[in-house]
Amino acid sequence: MTITTTNDQSTSTLMTTEVLIIGAGPAGSACAISLQKAGVDCIVADKAAFPRFKLCGGLITQKGQDCLREVLGNDAYEQCMEVCVRGREQYFALWDECKRIVRVKLDNNIVLIDRPTMDNWLVQHYKSLGGRIMEGNGVKSIDFAAHVAVLESGEEVSYKKLVAADGVHSPVAHMLADADKRYKLNKKGCFCLEVFVDEKDCDIEDVNIHFNLVPNFYTWAFKKGNQVAIGLGKLTTDKIDIKEVLIDYMKRMGVRQGAEQASAPIRGAVIPSEVRQAEWKSADVLFAGDAGGFVELLTYEGIYYAIRSGSYAAQSIISGTSYTQLVRPMHRKMQYGSFFQKFIYWKPFLNIMCKYGSTHGAFIAKFYADNIDNIPSKPLWKQIAIVLMKTVRVAVKRK
Ligand SMILES: Cc1cc2nc3c(=O)[nH]c(=O)nc-3n(C[C@H](O)[C@H](O)[C@H](O)COP(=O)(O)OP(=O)(O)OC[C@H]3O[C@@H](n4cnc5c(N)ncnc54)[C@H](O)[C@@H]3O)c2cc1C
């Protein structure tokens, strides 16, 4: 419903909706499409007009593909993949600096999509279902008590539930922190750089993950259509110049000289790196995707988490089930990831793992394959314990 009120100074438009979704990335779109399909009235507002650029490798694991299929339904999912997929990959290789530790064949295909194309496809699909969206119209301020958001255009939206799917820097979270001092803003993240070079300038195969080139993170390189995506990250607290490391890495990956200038520019963006508050009940706000800190804290996979949390936000609104309860398994996996992250990137452990992995490839393969699609099964814990014991033994011997 839209009401226009006029007084001597200004004209303002007030729209009303059940659910206002801020942000139309995969989290916002997954939520909007799910609500629209269930007949729940919603409005999406995004500061950008679509198609818009989004820095992302575009690697989607099997669980991400399954989740998107669940949200879209079979036919729409196939149409989406036809438009957005730039490549499929079944192998990934783990490297210790420039020495390959293991090459793993996954049971399932990883798909490599073009993010701007996928995000635009999801927005157009939502519109085709009759969904309402305000593009190029970001949220400017929110009165959380009155449940009214003011957009950049000056339009006001009155809502019952607010879904904040507005990315890692979440303006909604900042506004909530200003409005309610009990709400703790969590800004911990990893800063990533990524560049896309033409495939003719770099011959590589597999999805490649390199350890030991940057502390507390990894570097990646994989072919995607006629491009090769190359990138790396660092904790925002680590003081290293990752641009220099990236340029050196490009050379090591065999990117032909001069290609780095000729190709698309090196761009940077942040990924959240800590579990964040998912719900703020007193203000009826649900956080989804990066805004809610939903990423895999071991591999930094974010697309699956965005779609999953967005669809859970919708499910919670539709069925009345607690959102906190729905996202609990994801939070558990993130806590597990956050715990293992400390070991995986701890140099002595990493060195042993690389050494052990080259002779026990099946262990590393299982560890990573399980982490990509699941939580490690019990026997794997035993193997992790073996690696830990070996680490301790080496550390003691050195002393
Ligand atoms: C370099 C890099 C590479 C990555 N590679 C991968 C990968 O290969 N695989 C993977 O799974 N994950 C990857 N990720 C992570 C993944 O990109 C994110 O987790 C994912 O984009 C989160 O989706 P989202 O919908 O939560 O947020 P976003 O996609 O960031 O969408 C947020 C939306 O909110 C909008 N918005 C922001 N402010 C406002 C406002 N004030 N008002 C209205 N709208 C607003 C933005 O315009 C945007 O459209 C990568 C991340 C980086 C940085």
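Q: Is C84 buried or exposed?
A: Look at its relative accessible area. Buried means under 20%. In this predicted model, C84 has a relative accessible area of 0%, so C84 is buried.

Q: How many disulfides are there?
A: Start with the general idea. A disulfide is a covalent bond between the sulfur atoms of two cysteines. The cut-off is a pair of cysteine sulfur atoms within 2.5 Å. By this rule, the count is zero. C84 is in no disulfide: its nearest cysteine sulfur belongs to C80 and lies 4.0 Å away.

Q: Which cysteine sulfur is closest to that of C190?
A: The one in C192. The two sulfurs are 6.2 Å apart, which is too far for a bond. C190 is also buried, with a relative accessible area of 0%.

Q: How do I read a helix?
A: Begin with the turn. An α-helix has 3.6 residues a turn, so residues three or four places apart point the same way. Next, check the span. Helix α1 covers residues 26-37, twelve residues. At 1.5 Å a residue, α1 should span 16 Å. Its end C-alpha atoms are 16 Å apart, so the two values agree.

Q: Why is α1 described as largely enclosed by the rest of the structure?
A: Count its buried residues. Eleven of the twelve are buried, so α1 is largely enclosed. Among them are P26, G28, C31, I33 and Q36.

Q: What do the buried residues of α1 pack against?
A: Both strands and helices. The strands are β3 (19-22), β4 (42-45) and β12 (161-164). The helices are α2 (62-72), α4 (115-128) and α8 (303-319). Just after α1 comes G39, with a positive phi of about 75 degrees.

Q: Where is S309, and which residues is it in contact with?
A: S309 is in helix α8. S309 is buried, with a relative accessible area of 0%. Set aside neighbours within four places in sequence. S309 is then in contact with A288, G289, F294, Y323 and M330.

Q: How do I read a sheet?
A: Follow the strand order. Here an open sheet of eight strands runs β5-β7-β6-β14-β15-β16-β13-β17, with mixed pairing. Its edge strands are β5 (59-60) and β17 (267-272), each pairing on one side only. Side chains have a pattern too. In a regular strand they alternate between the two faces of the sheet.

Q: Which strands does β6 pair with?
A: Take β7 to begin with. Ten bridges join β6 (residues 85-96) to β7 (residues 99-113), and the two run antiparallel. They form a hairpin with two residues between them. In that turn, E97 has a positive phi of about 50 degrees. Now take β14 (residues 207-211). Five bridges join β14 to β6, and this pair runs parallel.

Q: Which residues pair with F92?
A: In β7, V104 stands opposite F92. In β14, the bridge partner of F92 is V207.

Q: How many bridges join β13 to β16?
A: Nine. β13 (residues 189-198) and β16 (residues 227-235) run antiparallel. L193 stands opposite L232 of β16.

Q: What is the volume of the second largest pocket, and which residues line it?
A: Its volume is about 270 Å³. The second largest pocket is lined by 13 residues. K188, L235, S273, Q341 and K342 lie nearest its centre. Helix α10 (residues 328-344) gives the largest share of the lining, three residues.

Terms used: Residues are numbered from 1 along each chain as its sequence is written. This is a predicted model: local features need pLDDT of at least 70, side-chain atom pairs count only at pLDDT 80 or more; totals for chains, interfaces and linings use all residues. Side-chain values use heavy atoms; hydrogens and water are left out. Buried means under 20% relative accessible area, exposed over 50%, partly exposed in between (1.4 Å probe, protein chains only). Helices (H or I, at least four residues) and strands (E, at least two) are DSSP runs, numbered from the N terminus. The expected span of a helix is 1.5 Å times one less than its number of residues. Contact means heavy atoms within 4.5 Å. Two strands pair if DSSP finds at least two bridges between them. On a 1 Å grid over the protein atoms alone, a cavity is a set of points where a 1.4 Å probe fits but cannot get out, and a pocket is an open set with protein on both sides within 12 Å along at least five of seven lines; lining residues have an atom within 4 Å of a point. Grid points are joined across faces, edges and corners, and a volume is the space filled by probe spheres set on the points.
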